[in-house]
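Trainee: Could we walk through this model together, one question at a time?
Mentor: Gladly, let's have a look.

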Amino acid sequence: MNFGPVEKIANAVLYEGYILYPYRPSSIKNQKRWNFGTLYPRGYAEAQNPGEAWSFHAEVLLEGSSATKLDARVRFLQLVAPDKAAGHRWEQGFARFRTAESLTIADLCDGVARGFDFSILSDDESNWAPSAFVPLPCTGLLILRAEMITEDLFRIITEFSNETSVGSPKFATREAVLPSAFTSAHLLLHVAEGAFVSALDPQPRFQAAAKTCLNRGVFPVLASEQNDRSLMFCSPIILYDYPQIAPESSGDFFDGTEMDEMLALRVMTLTDSEKDEMRSSDPHARAILERLDTLPKEHLLKMHGAVRGMEPVELQKNEQVHVAMDLWNPLEERPLLESVRIFGVELRKGDRVRIWPQKQADIMDMAMEGKFAVIEAIEQDLESNIQLAVVLDDDPGRDMGLLRQAGHRFFFSPEEIEPAGTAQ
């Protein structure tokens with residue numbers, strides 16, 4: 001079992017939103033936790049209206065046999081209530097994890113349930129726990145099952161839930177149950193003598209089975225090195241397969257998943273009193289200051305941008321090639337397209353369409369498949385490619401989309417659009 005190759009990106013997700021710039025407890029944005037993937041104690045979560053999340057569910061495909069062995073590790077951030085008597089105002093947090101090891105597919109076909117008592121610290125966790133940590137009842141339940149699809153293909157079904165008892169859940173407050181919540185909860189899976197199947201880009205023979213997999217609260221992506229299919233990361237944040245931390249990154253910033261250059265420059269502009277508050281609030285915030293105080297200038301320059309790779313252009317032999325590029329004038333106005341013909345229908349701004357994403361590049365494409373929308377604009381890029389900006393009919397922020405606000409307008413090529421007319 002080796003989760004090392006995936007834990008760096010998993011830690012970035014674990015601490016995403018832990019403490020936000022300007023990294024001070026007195027900042028309004030840091031006075032209320034908003035981390036992704038928080039699982040509240042089940043009784044409390046079910047008593048809320050609307051209900052809160054208390055579990056996540058993940059399904060992945062695995063190539064292997066009944067003897068193939070699987071390791072599963074659940075991880076989350078546990079927040080510690082501040083010791084107000086000592087003048088603490090900040091909920092410090094530390095990583096918790098438990099592992100179910102060497103489970104065979106044959107075991108999983110019968111079903112496996114593992115209960116974990118998080119009121120007890122492991123040796124590693126004892127080194128990380130804040131001084132204000134007080135053991136509290138904290139219980140998690142991991143259930144794993146396997147279903148045979150073909151002789152060498154299985155569906156691995158996992159569910160992790162927060163089964164902590166909180167007394168009278170109806171009258172419990174969010175602040176009271178937060179130390180018993182599983183913040184940024186996620187799952188790591190490792191297989192020996194087998195291979196996971198990408199949920200985002202499955203091979204053609206696996207596509208039908210992949211479409212039937214259900215994921216709630218997390219989404220699985222292949223992790224580790226490119227083309228290595230032994231590790232799967234079920235993340236509460238949408239990622240692509242094989243996510244990586246940029247090698248130019250000097251360390252964690254917890255805000256916006258590593259916007260290093262902007263955050264580094266902003267931290268450098270803080271006043272001495274702001275830095276003092278940041279330094280005294282949390283070890284992670286103090287580490288940011290210490291790192292930036294000693295950061296070489298050449299490392300700061302590396303954060304500005306990097307070329308990941310360049311592909312050579314192959315030219316046919318004995319063919320004279322003339323490469324011409326028109327000078328780009330950013331102030332030049334491009335003619336607006338009034339209409340575009342799709343399936344023999346002339347579509348204009350305001351017409352209703354149905355969306356059929358072709359690339360299936362991420363979970364948003366999957367979520368929008370078959371949705372009805374209205375054309376907000378027909379635009380053309382510098383390479384004369386046509387894109388239709390659409391606003392979804394069932395988007396609660398539809399009015400924002402019609403005002404051309406980011407996050408509520410989506411772009412699709414004509415091949416991904418079907419005229420809808422007045423269809424509902």
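Mentor: A definition first: buried means under 20% relative accessible area, exposed over 50%, and partly exposed in between, with a 1.4 Å probe and protein chains only. This is a predicted model, where local features need pLDDT of at least 70, side-chain atom pairs count only at pLDDT 80 or more, and totals for chains, interfaces and linings use all residues. Residues are numbered from 1 along each chain as its sequence is written, and side-chain values use heavy atoms, leaving out hydrogens and water.

Trainee: Is Arg-229 buried, partly exposed or exposed?
Mentor: Its relative accessibility is 26%. Buried needs under 20% and exposed needs over 50%. Arg-229 therefore counts as partly exposed.

Trainee: Which side chain meets Arg-229 in a salt bridge?
Mentor: A salt bridge here is a side-chain nitrogen of Lys or Arg within 4 Å of a carboxyl oxygen of Asp or Glu. For Arg-229 the N to O distance is 2.9 Å, and the partner is Glu-63. The pair links distant parts of the chain, 166 residues apart: Arg-229 is in the loop between β9 and β10, and strand β1 (residues 55-63) holds Glu-63.

Trainee: Where in the chain do Glu-125 and Arg-98 sit?
Mentor: Their side chains meet in a salt bridge of 3.0 Å, N to O, and both residues are buried. Helices (H or I, at least four residues) and strands (E, at least two) are DSSP runs numbered from the N terminus. The two residues are 27 apart, with Glu-125 in helix α4 (residues 123-128) and Arg-98 in strand β3.

Trainee: How many salt bridges does the rule give?
Mentor: Another one joins Arg-145 and Glu-147 at 3.6 Å, N to O. Shared partners also join Glu-376, Glu-379, Arg-404 and Arg-409 into one network. The count comes to 20.

Trainee: Which strands stand at the edges of the open sheet of five strands?
Mentor: Two strands pair if DSSP finds at least two bridges between them. The order is β3-β2-β7-β10-β9, with antiparallel pairing. Each edge strand has a single partner, so one side of it is left without a neighbour in the sheet; these strands are β3 (92-104) and β9 (219-222).

Trainee: Which residues have the most contacts inside the largest nonpolar core?
Mentor: Such a core is a set of buried Ala, Val, Leu, Ile, Met, Phe, Trp, Tyr and Cys residues joined through side-chain atoms within 4.5 Å. The largest has 34 residues, and those with the most contacts inside it are Leu-108, Ile-156, Leu-189 and Phe-196.

Trainee: Are α7 and α9 roughly parallel or roughly perpendicular?
Mentor: Axes are lines fitted to C-alpha atoms, for helices over the stretch in contact (heavy atoms within 4.5 Å), and angles run from 0 to 180 degrees between N-to-C directions. Helix α7 (residues 260-268) and helix α9 (residues 283-293) pack at about 90 degrees, with axes 11 Å apart. Angles under 35 degrees count as roughly parallel, over 145 as roughly antiparallel, 65 to 115 as roughly perpendicular and the rest as oblique. The two helices, α7 and α9, are therefore roughly perpendicular.
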